[in-house]
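User: Please take a close look at the salt bridges in this model and at the parts of the chain around them. I would like one connected account, with the cut-offs behind each term.

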Amino acid sequence: MFSIEHEFDSTVVTLVDEGSAHLQEDITINLFEDCITLEQWDPRTDTVQKITLSLGQAEDLAAALDLPEGVYVMVRNDAKT
């Protein structure tokens, strides 16, 4: 299950782990103009763990989900018109 909310400066996606065994804590994804953050509560340390991805890293991750094992370089067209 997941939810999507639009905030003032970001879009927030929350992923909820559903099932019967070995459930993980919710993951909150904040999509900002210049980066994406992923946050998850860690009950072992009693803290929120946070990872920040550049937009390029997020694009690479999205592409990697559909590719077989290997090493890849994304060619980006960053030319301004």
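Analyst: A search of the whole structure finds 2 salt bridges, where a salt bridge is a side-chain nitrogen of Lys or Arg within 4 Å of a carboxyl oxygen of Asp or Glu. The model is a predicted one, in which local features need pLDDT of at least 70 and side-chain atom pairs count only at pLDDT 80 or more, while totals for chains, interfaces and linings use all residues. Residues are numbered from 1 along each chain as its sequence is written, and side-chain values use heavy atoms, with hydrogens and water left out.

K50 counts as exposed because its relative accessible area is 54%, whereas E39, at 25%, is partly exposed. Here buried means under 20% relative accessible area, exposed means over 50%, and partly exposed lies in between, with a 1.4 Å probe and protein chains only.

The other salt bridge is formed by the side chains of D42 and R44, at 3.2 Å from N to O. D42 is buried, with a relative accessible area of 10%, but R44 is exposed, at 75% relative accessibility. In general, side chains of opposite charge can pair when their charged atoms come close.

Strand β4 (residues 35-42) also holds T37, which counts as buried because its relative accessibility is 4%.

Beyond its neighbours within four places in sequence, I29 is in contact with T11, V12, V13, L15, I36, T37 and L38. I29 and P43, by comparison, are 14 residues apart in sequence and 18 Å apart in space, C-alpha to C-alpha.

I29 is also one of the residues that line the largest pocket, together with I36, L38, L53, A58, L61, A62 and L65. The elements giving two or more residues to this lining are β4 and α1 (55-64), and α1 gives the most, with 3 residues. The volume of the largest pocket is about 180 Å³. On a 1 Å grid over the protein atoms alone, a pocket is an open set of points where a 1.4 Å probe fits, with protein on both sides within 12 Å along at least five of seven lines, and lining residues have an atom within 4 Å of a point. Grid points are joined across faces, edges and corners, and a volume is the space filled by probe spheres set on the points.

Finally, R76 lies in the segment after α1 and is partly exposed, with a relative accessible area of 32%. Not counting residues up to four places away in sequence, R76 touches G56, E59 and D60.

How values were computed
Helix = DSSP H or I, 4+ residues; strand = E, 2+ residues; numbered from the N terminus. Contact = heavy atoms within 4.5 Å.
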